[in-house]
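Please view the sequence and the structure together while reading.

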Amino acid sequence: MNDTISTETRFLHAVEFGLGAWQWGDRLIWQYGQTHSDEDCRAAFDVSLEAGVRFVDTAEVYGSGRSERLLGQFLQETDQPVLVATKFFPFPWRWTKKSLLRALKRSLERIGVETVDLYQVHQALPPISIETWMEAMAEAVEEGLTRTVGVSNYNQTQMLQAYSTLSRKNIPLAANQVTYSLLNRNIEYDGLLARCKELGVRVIAYSPIEKGLLTGKYTPENPPPGVRGRRYGDLLPKIGPLLKLMTGIGQEHGGKSKTQVALNWCICKGTLPIPGAKNADQAEENAGALGWKLTEEEVVKLDDASNAILK
Ligand SMILES: NC(=O)c1ccc[n+]([C@@H]2O[C@H](COP(=O)([O-])OP(=O)(O)OC[C@H]3O[C@@H](n4cnc5c(N)ncnc54)[C@H](OP(=O)(O)O)[C@@H]3O)[C@@H](O)[C@H]2O)c1
């Protein structure tokens, strides 16, 4: 393991895969209540645990707290140890370090735990400085409210600011959670992924199946519903050759699905993918990305096919 990784954050580098919980309670993007119920979310959680998944990512804003509350219920009903990551949203009306500590305490109440394993600032939004939030994070660590500190959607400059503020307090920056998939490789193109590896910061890959596009179930004729459909209108007609390659590669591995290939690719790139799952079937398929590995040659072929779409 990379020797820039500090002891406190080592556990996160040992986690290969996680479960995203934005879907649990979100109606606007994810049609919670229409396409999936609380029972479906519970089944997604249970199946993930059965498959060995031990890391769940949520946020105070997901379903306005519902995602954290559901996770809390599910955690109470399992004996399995689960690593919990949640996030602070720097709303413009949050002005002080205390507001982060207050928000974290409310998240802990909803989840029903005394501490989380990773607390992340959701975005680098003005007006409050990155230094201020990182100083508040340091207090959260000192008070034992979170084991480690992460950021999300931070570019290199912002991440380095966070990293140095925390360093002055002898606290490592554990993770940067960013969008990353075969259909969004900005962190490779702009050097963020490489910089994270250099610094020992774990890259948590969100939207690793590009919000469902890499499953192959959506086509230009059958786009995803609502906001997603509008967002991906230009991309959908271009992804056929990549999906075809993914099908072929999956067959070489005893019939792995496109979704599993997409997630395994994220793992091969040294990131921790956290696909969202609405139900047991999705969670089960996603967890099938574990326990096998694409070859280096296959990764290169996938890189080339995705570059042909993105560049
Ligand atoms: N930090 C941030 O700013 C940020 C932003 C976004 C997400 N996240 C985190 O990352 C997690 C994952 O990202 P994401 O939810 O945006 O996108 P994603 O994981 O790429 O896509 C999830 C969606 O794809 C579909 N899906 C998942 N597994 C499937 C399967 N096996 N077969 C068929 N369809 C499947 C489901 O939607 P349908 O069934 O409706 O197609 C599901 O809701 C979130 O839950 C959240 O924890 C963080």
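At what angle do the axes of helix H10 and helix H13 cross? In this predicted model, the axes of H10 (residues 240–252) and H13 (residues 296–310) cross at roughly 170 degrees and come within 10 Å of each other.

## The helix pair H10 and H13

Two packed helices are described by the angle between their axes and the distance between the axes. An angle over 145 degrees counts as roughly antiparallel, and H10 and H13 are therefore roughly antiparallel to each other. The crossing in which H10 passes H13 is left-handed.

On the H10 side, the contact is made by Leu-242, Leu-245, Met-246, Ile-249 and Glu-252. H13 contributes Glu-298, Lys-301, Leu-302, Ala-305, Ser-306 and Ile-309. Sorted by class, the residues of this contact between H10 and H13 are seven nonpolar, three charged and one polar.

## The sheet

Eight strands make up an open sheet with parallel pairing, and their order is E1-E2-E3-E4-E5-E6-E7-E8. Strand E1 (19–20) and strand E8 (272–273) are the edge strands, each pairing on one side only.

Within the sheet, strand E6 (residues 173–179) and strand E7 (residues 202–206) run parallel and are joined by five bridges. Asn-176 has Val-203 in E7 as its bridge partner. Helix H5 (residues 130–142) packs on the sheet, where H5 touches E3, strand E4 (116–121) and strand E5 (146–152). The direction of H5 makes about 160 degrees with that of E5.

Is strand E3 enclosed or open to the outside? Six of the six residues of E3 (residues 83–88) are buried, so this strand is largely enclosed by the rest of the structure. Both of its faces are covered: one side carries the buried residues Leu-83, Ala-85 and Lys-87, and the other carries Val-84, Thr-86 and Phe-88, also buried.

Strand E2 (residues 55–57) pairs with E3 in the parallel sense over three bridges. Opposite Ala-85 in E3 stands Asp-57.

Where is Gly-255 found? Gly-255 lies in the loop between H10 and helix H11 (258–268). Its relative accessible area is 55%; since the threshold for exposed is over 50%, Gly-255 is exposed.

Gly-255 and Pro-172 are separated by 83 residues in sequence, and their C-alpha atoms are 40 Å apart in space.

Key:
Residues numbered from 1 in each chain as written. Predicted model: local features only at pLDDT ≥ 70, side-chain atom pairs only at ≥ 80, totals over all residues. Heavy atoms only, no water. Axes fitted to C-alpha atoms, helices over the stretch in contact; angles between N-to-C directions. Helix = DSSP H or I, 4+ residues; strand = E, 2+ residues; numbered from the N terminus. Parallel < 35°, antiparallel > 145°, perpendicular 65-115°, else oblique. Left-handed = near helix turned anticlockwise from the far one by under 90°. Contact = heavy atoms within 4.5 Å. Nonpolar A, V, L, I, M, F, W, Y, C, P; charged D, E, K, R; others polar. Buried < 20%, exposed > 50% of the residue type's maximum accessible area, 1.4 Å probe, protein only. Pairing = 2+ DSSP bridges.
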